[in-house]
Amino acid sequence: VNEDFEPTRLTWRAEVRGKARGARARIGSRGVRGTYRRAGAGSSRIDHRSAAQPLDSVSAYAWLPRQDLTPGRRFERPLFDGRRLSNLVATVGQPRTLHTPMGTREAIPVHVTITGSPMVKDGATRPRKPRRLTLWIGPEDRVLYRVESRWGALGRVTADLVGARRPG
């Protein structure tokens, strides 16, 4: 990532249903270029244009807490998932008290919706359902205390920060 917590390069590898996949890409102010590989299907070029520098799934968690978290603020950015571009829209909510394993904290909810990425299944391309999640961020320390989402058959998924180690 650069000094603004925006990604500049991305490399990932995964195994999905026993098939290896991966990507190597450079992310710039107006898009993404690179290569996507899938075992048995070879490589394909990534060349996506965007109006702003795309975030990736990991850098979004570092970028959002650094923004102006005034309630009602709205942010919209392209989001690169390693293969395609989506659209990330984040809206800042009203601060609330949050009970976490680290104790009671004042936190600001940032409601995120990810839309626009096509899903390919059985050769047909159709819109993917929007993905929604809420990030709970400390207003003073900008620490991400909780992530909440709905995830298929799992239902509501909550990930809480259980500890923090400070340098020094």
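These legends cover close-up views of aromatic rings and the charges over them in a predicted model. Local features need pLDDT of at least 70 and side-chain atom pairs count only at pLDDT 80 or more, whereas totals for chains, interfaces and linings use all residues. Numbering starts from 1 along each chain as its sequence is written, and side-chain values use heavy atoms, with hydrogens and water left out.

**View 1. The tilted pair W12 and Y36.** The whole structure holds two aromatic pairs (Phe, Tyr or Trp rings, the six-membered ring for Trp, with centres within 6.5 Å; planes under 30 degrees apart are stacked, over 60 edge-to-face, the rest tilted). Here the centres are 6.2 Å apart and the planes meet at 45°, so the pair is tilted. W12 belongs to strand β1 (residues 9-16) and Y36 to strand β3 (residues 31-38), 24 residues apart. Strands (E, at least two residues) and helices (H or I, at least four) are DSSP runs, numbered from the N terminus. W12 is partly exposed at 25% relative accessible area; Y36 is buried at 5%. Buried is under 20%, exposed over 50%, partly exposed in between (1.4 Å probe, protein chains only).

**View 2. The edge-to-face pair W63 and F75.** Centre to centre, the rings are 5.9 Å apart, with 80° between the planes. W63 sits in helix α1 (residues 59-63) and F75 in strand β6 (residues 74-80), so the pair ties together parts 12 residues apart in sequence. Both residues, W63 and F75, are buried.

**View 3. R77 over W63.** The charged end of R77 lies 4.8 Å from the ring centre of W63. A charge sits over a ring if NZ of Lys or CZ of Arg is within 6 Å of the ring centre and within 35 degrees of the ring normal.

**View 4. R66 over F5.** R66 lies over the face of F5, 4.9 Å from the ring centre.
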